[in-house]
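Q: I would like a close look at a single part of the model displayed below.
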Amino acid sequence: MSDGDGELEARLVEQEEFEPSDEFVEQANVSDPDIYEEFEENWPDCWERAADLLDWDEEYETVLDDSNEPFYEWFSDGTLNASYNCVDRHVENGDKNRVAIKWEGEYGETRTYTYQDLYREVNEFAAALRDMGVEEDEVVTLYMPMVPELPIAMLACARIGAPHSVVFAGFSADALATRMNSANSDYLVTCDGYYRRGDALDHLEKANEGLEGVDHDVEATVVVNRLGDDGFGHELAENQHDWDDLMDEQRGERVDPVERDAEDMLFLMYTSGTTGEPKGVKHTTGGYLAYTAWTSHAVLDLKPEDTYWCSADIGWITGHSYIVYGPLALGTTTVMYEGTPDFPERDRLWDIVEKYAVDVFYTAPTAIRAFMKWGSKFPERRDLSSLRLLGTVGEPINPRAWKWYYKHIGSEECPVVDTWWQTETGGMMITTLPGVKNMKPGSAGPPLPGIDARIVDTEGEQIEPGRAGYLTVNKPWPGMLRTLYKNDERFINEYWAEYSDEDADEWVYFPEDGAKIDEDGYMTILGRVDDVINVSGHRLGTMEIESAIVGVEGVAEAAVVGGNHEVKGEAVYAYVITEDGYEGDDEMRGRIVEGVEDAIGPIARPEQVVFTPELPKTRSGKIMRRLLEEIANEEEIGDTTTLRNPEIVTDIQTKVQGD
Ligand code: ATP
Ligand code: MG
């Protein structure tokens, strides 16, 4: 039985603003409120502060080169190596015995890599890549689950100047082939398998199937042996090498980090593809690394002595920036976990926080809503007192989930940073600096210092507080994508065409998200601009309606889409998951309708409320609204292969349309 809303007493439900504690502020990396003004006045030189967190081989002279907009260049006459910055320099600075990576397998086995261990393995794998023929600027594809060999391979690539392209392990064989083809990648590092909820999964079979779809010759594949005796007994082909054999051959080898131009590509990352074709986002060495190190320092407040855990998968940008590059550049201990939050039990994450005494924890709203649904008894079993700061990313977080996280995970002592950013932005853009700003649940916060984000109307004019509009970024920043891989034209069309005035040479980045701003400059992200429902001529953001529904007692999660309606044009369809212990009945349906009417108005009243045990989600935890829309409109259901739970689609379909 869940204790439901009793978990949030009235005091918390009503509180709209939260102050960081003095204790937090006193120790924060950034606590001077003047930083906003300072960055604005000194822009773009303010970004030296980020670049100064790195060791440069050749110091840069130019901070920003904007001679060819929107192809901005940052620190472009400087040179550096990302692997040197994330590994070697900590070893050289006397921290060789500090833990770099704490890895936990699903069965609870642990592997610990000190910075010296990481240094050794990164060098040896870099030597192996070179011996296989990988040259500077050749893209190496990494199709790997959450094993320590993944960050090792990333850093080995960075060491020899070979950009990596990580393909999330949960993606299909097809997705692998498409990405290898797009990047023209001749090398693959993969894994025999991994564990999910107690089962060994055959990953190599999928990788091999993907290789068959590659349209060019693949030079070599490396296979990590994760499963040992649980493996599936695949024979390795002639050009496939066992990771351990390769490493044995390279024992003791050292590879000098290649001096890379700041603007040389560090990696390629395809976006999750929730809207159309995946985009090959190109990130570079200097600007990206400076930006992730800076935001890890200023927002995540990471210190070298911290144990920090981001529960994302490295297959997403969040894992690249905030499991690997940012934390390791700062010399922090970063935790990696192989499995799921509910295996063997629903307290697994809190078990890990307790076990490693995690200081800073970063996760996604979809996870927080699952924890809420399961109830507070799971975190209550564990000692979470080591935590100092909490973060979320990936989707808007509704105030109730924020407050639950704040209370039950952070015991009302840890600030919560709600960080808005994208694959394309490289790092966090809109969020509170936890040592400076108050938090407002439901709002990500003001743009970070040096970030010129605005909310505008369709003409690009800034709009007044309270009204919904479009988010734009009106100045470049070091972590930004440089282009879409080998597709400059799409890069411009996708992100710059909407709001830029080319004749006036004014370039404005459009992230394709809707948002609103309040009197204090805090921004609430309303979701993608295409997630808008038009009811009788009124444009309603799905996010606002969802937020209202999730505010109703007993609701764990909700997704809202527009379905065709003869009179209104579109009508609101709400798909709702109840918290454990609540029944999806007429009484609850009534409270949901009332909740929406109270929060937004009768215009937003849901036409249908459909209770479902799950929502169709992508592997990164994002709701696939497109499918729910197709169901509401009784259209043919499109591609479901990128879903984590495709089986739920027919289930929901039956509920809405009948058998
Ligand atoms: P694709 O662009 O291929 O459709 P995607 O946008 O889901 O995929 P990501 O780059 O991983 O891929 O996600 C970025 C998006 O996630 C943002 O544009 C925004 O819509 C949403 N988002 C991320 N963080 C937040 C946040 N804190 N609050 C609200 N929305 C967020
Ligand atoms: Mg996107």
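How many nonpolar, polar and charged residues does the lining of the second largest pocket have?

A: This is a predicted model, in which local features need pLDDT of at least 70 and side-chain atom pairs pLDDT 80 or more, while totals for chains, interfaces and linings use all residues. Residues are numbered from 1 along each chain as written, chains are lettered from A and ligands numbered from 1 in written order, and side-chain values use heavy atoms without hydrogens or water.

The lining comprises 10 nonpolar, 8 polar and 9 charged residues (nonpolar: Ala, Val, Leu, Ile, Met, Phe, Trp, Tyr, Cys, Pro; charged: Asp, Glu, Lys, Arg; polar: the others, Gly among them). Of its 27 lining residues, Asn-398, Pro-399, Pro-441, Gly-442 and Ser-547 lie nearest the centre.

At least two lining residues come from each of helices H1 (10-14), H16 (399-409), H18 (542-550) and H19 (586-599), and from strand E25 (523-528) (DSSP runs of at least four residues for helices, at least two for strands). H18 contributes the most, with 5 residues.

The chain passes from E29 through H19 to E30 in a right-handed β-α-β crossover (clockwise with the strands pointing away from the viewer).

Note on methods. 1 Å grid on protein atoms, 1.4 Å probe; cavity = no way out; pocket = protein on both sides within 12 Å on 5 of 7 lines; lining within 4 Å.
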